[in-house]
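Have a look at the fold below before reading on. We'll walk through a strand and its neighbours, then a ring pair, then a pocket.

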Amino acid sequence: DIYDAVFFIRESLIVTEDLTLDTTDNEYENNSIVIDGCTLTLNGPHTFSNIHILSGGILTHDATVDSFDLTVTGDLSVDAGGSINMDGLGYAGGSGPGAGGNHSYNAGGGGYGGRGGRSNGGDTYGSLTEPLDLGSGGGHDGSSYGGQGGGLIHLAVDGVLQNDGIITANGYNGGTSDAGGGSGGSIYILTNTLAGVGTISVNGG
């Protein structure tokens, strides 16, 4: 139950159990959110006043959802050990606009901002300056599917984005050394101030 996963302290919504908010779940809009040792899954556009991801907390979206669009009117903080993690949440192996080509050995890697690896790597697509697409899957090698592409992170933070954890939308490796890896997805951040010692990663598999 959605109400079993949350409680309020001083007008902040404390999320302590895994919770999914879809596009139509707007009862917590414009509140401050604290993610404490669990996973908050956001699908579609949402707006909150502040977000604080504690160690062990994860912010993510469901697989193949291409409309993760988060606005924070105040600050967003990711503590060490916390993450905004969209790894492998893009197109499945062998699918997507930049899908890697299939081959019994040396299947192609998924393409996106650049062509996928190997001679039958997937095509480029999307925008280099406003990346808002999912990563594409790698090619099938006849015995194993290629890796999934990375997901989508679109953040608009009016205040400070303090990242001391991990913000990531990596693609996954293929199931074997001959299967193609998925391409990285998208991380598109608009913020007044970007600070912290954490990592931001959009690597292919």
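What follows is a short tour of a few local features. Keep in mind that this is a predicted model.

Let's start with strand 7, which spans residues 50–53. Its two faces are set apart by cover: Ile51 and Ile53 sit on the covered face, while Asn50 and His52 make up the uncovered one. Now look to either pairing partner. Strand 4 (residues 32–35) runs parallel to strand 7, and 4 bridges join the two.

Next, the aromatic rings. The count comes to 1 aromatic pair, and the partners are Tyr112 and Tyr125. Their ring centres lie 4.6 Å apart with 25° between the planes, and a pair counts as stacked when that angle is under 30 degrees, so this one is stacked. Both tyrosines are buried. Where do Tyr112 and Tyr125 lie? Each is in the loop between strand 11 (83–85) and strand 12 (152–163), so the pair ties together parts that are 13 residues apart in sequence.

Tyr112 turns up again at the largest pocket, which has a volume of about 210 Å³. There are 17 lining residues, and the closest to the pocket centre are Tyr112, Gly113, Gly114, Gly184 and Gly185. By type, the lining divides into 11 polar, 5 nonpolar and 1 charged.

Note on methods:
Residues numbered from 1 in each chain as written. Predicted model: local features only at pLDDT ≥ 70, side-chain atom pairs only at ≥ 80, totals over all residues. Heavy atoms only, no water. Buried < 20%, exposed > 50% of the residue type's maximum accessible area, 1.4 Å probe, protein only. Helix = DSSP H or I, 4+ residues; strand = E, 2+ residues; numbered from the N terminus. Pairing = 2+ DSSP bridges. Phe/Tyr/Trp six-rings, centres within 6.5 Å; stacked < 30°, edge-to-face > 60°. 1 Å grid on protein atoms, 1.4 Å probe; cavity = no way out; pocket = protein on both sides within 12 Å on 5 of 7 lines; lining within 4 Å. Points joined across faces, edges and corners; volume = space filled by probe spheres on them. Nonpolar A, V, L, I, M, F, W, Y, C, P; charged D, E, K, R; others polar.
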